[in-house]
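Biologist: Hi! Could you walk me through this one, step by step?
Modeller: Happy to, let's have a look together.

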Amino acid sequence: MNKTILLNSRPVGKPKPEDFKIVSAESEKQLSEGEMLLKTMYVSVDPYLRGRMTDADSYIPSFELNHPIESAIVAEVLGSENKNFSEGDIVTGLLDWKKEQISDGKDLMRVDPDQAPLSAYLGVLGMTGLTAYLGLMNIGKPKKDETLVVSGAAGAVGSIVGQIGKILGLHVVGIAGSDEKNEMLKQDFGFDETINYKTTQDITKAIADACPKGVDVYFDNVGGSVSDAVMFNINNFARIVNCGAISLYNATEMPHSISVQPFLIQKRALMQGFIVMDYASQFPEAIGQLSQWLKEKKLNYTETVVEGFDNIPQAFIDLFDGKNKGKMVVKV
């Protein structure tokens, strides 16, 4: 029997287990020309999926009710009638939350299990690493000796952004939600300074203290009051990279925030949002650089691995309580 996870209802506020439904059916085994049978090995759960659970226009289509949810997945080819893939190949791409599924191979990429652990292709060598590298390099345009601030720094993207900053010679400050996470940022990832936004009374002052030369690049994964505080510390010609806004994804009312225009005008600063697919043409170059840094042990990564297909929804929900360190993946 095969299992599939469907979107059962559109979440209101933070997603709940009942917003998901696990159904069982007989596995499909009959392959037509060009098809292959895939067995799911690792599933990526990511904050951006919350937006796809809402029926609203966005840069990517919303999930349909009573249809499978999809995300980045690493899978094994169990059988193939596709000339581009063979039985035993390991592939990654956007796939349904199913234990087994038939695919035509479109937009799937073969990966090498000898180059890196398979889960890394959902993280540092997957969309996570690409998002960190391409957002920082194309919009942040970091320069040696500048100051980089990263919010959501203990998350999958943020932890890689900070390390890239250190490789490039920047002063790197991370903002995260626990002392344990902040200690990890310093010990494992080489951040220069960290701030616990949950226990800091005056985060604007804390940022000023951690960034004595001001903020040149801000890589924003959270939005909200943390990002408001950063604005009071930006330098002339600062670059603000809007990657995510996890603090706002479950909001049921219009959030209140400062107006950024006066800061941007006074400091002649740039603020830009981005979607990693905007830079698809740069993926090979980025993966090559990330792989090189990984081999040279200049780049480290951490994962929170949850085991069991049935636990995918809860792993996703746990993202919004900050229960992950680094990339959250589910091992099936």
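**The open sheet and its surroundings**

Modeller: In this predicted model, six strands form an open sheet with parallel pairing, in the order β10-β9-β8-β11-β12-β13.

Biologist: Which strands stand at the edges?
Modeller: Those are β10 (193-196) and β13 (270-273). Each has a single partner strand, so one side of each is left without a neighbour in the sheet.

Biologist: And how many bridges join β8 to β9?
Modeller: Five bridges join β8 (residues 147-151) to β9 (residues 171-176), and the two strands run parallel. Within that pair, T147 stands opposite H171 in β9.

Biologist: Which strands does helix α6 lie across?
Modeller: Helix α6 (residues 224-231) lies across β8, β9, β11, β12 and β13, and runs at about 170 degrees to β11.

Biologist: OK, switching to helices. At what angle do α2 and α3 pack?
Modeller: Helix α2 (residues 127-140) and helix α3 (residues 156-167) pack at about 45 degrees, with their axes 8 Å apart. The two are therefore oblique to each other, and their crossing is right-handed.

Biologist: Which residues make the contact?
Modeller: Among them are T128, Y133 and L136 of α2, and V157, I160 and I164 of α3. By class, the contact has eight nonpolar, four polar and no charged residues.

Biologist: New topic: is N324 buried or exposed?
Modeller: N324 has a relative accessible area of 10%, under the 20% cut-off, so N324 is buried.

Biologist: Where does N324 lie, and what is N324 in contact with?
Modeller: N324 lies in the loop between α9 (312-318) and β15 (327-331). Leaving aside neighbours within four places in sequence, N324 is in contact with G155, K181, T304 and L319.

Conventions
Residues are numbered from 1 along each chain as its sequence is written. This is a predicted model: local features need pLDDT of at least 70, side-chain atom pairs count only at pLDDT 80 or more; totals for chains, interfaces and linings use all residues. Side-chain values use heavy atoms; hydrogens and water are left out. Helices (H or I, at least four residues) and strands (E, at least two) are DSSP runs, numbered from the N terminus. Buried means under 20% relative accessible area, exposed over 50%, partly exposed in between (1.4 Å probe, protein chains only). Contact means heavy atoms within 4.5 Å. Axes are lines fitted to C-alpha atoms, for helices over the stretch in contact, and angles run from 0 to 180 degrees between N-to-C directions. Angles under 35 degrees count as roughly parallel, over 145 as roughly antiparallel, 65 to 115 as roughly perpendicular and the rest as oblique. A crossing is left-handed if the near helix is turned anticlockwise from the far one by less than a right angle, and right-handed if clockwise. Ala, Val, Leu, Ile, Met, Phe, Trp, Tyr, Cys and Pro count as nonpolar, Asp, Glu, Lys and Arg as charged, and the others, Gly among them, as polar. Two strands pair if DSSP finds at least two bridges between them.
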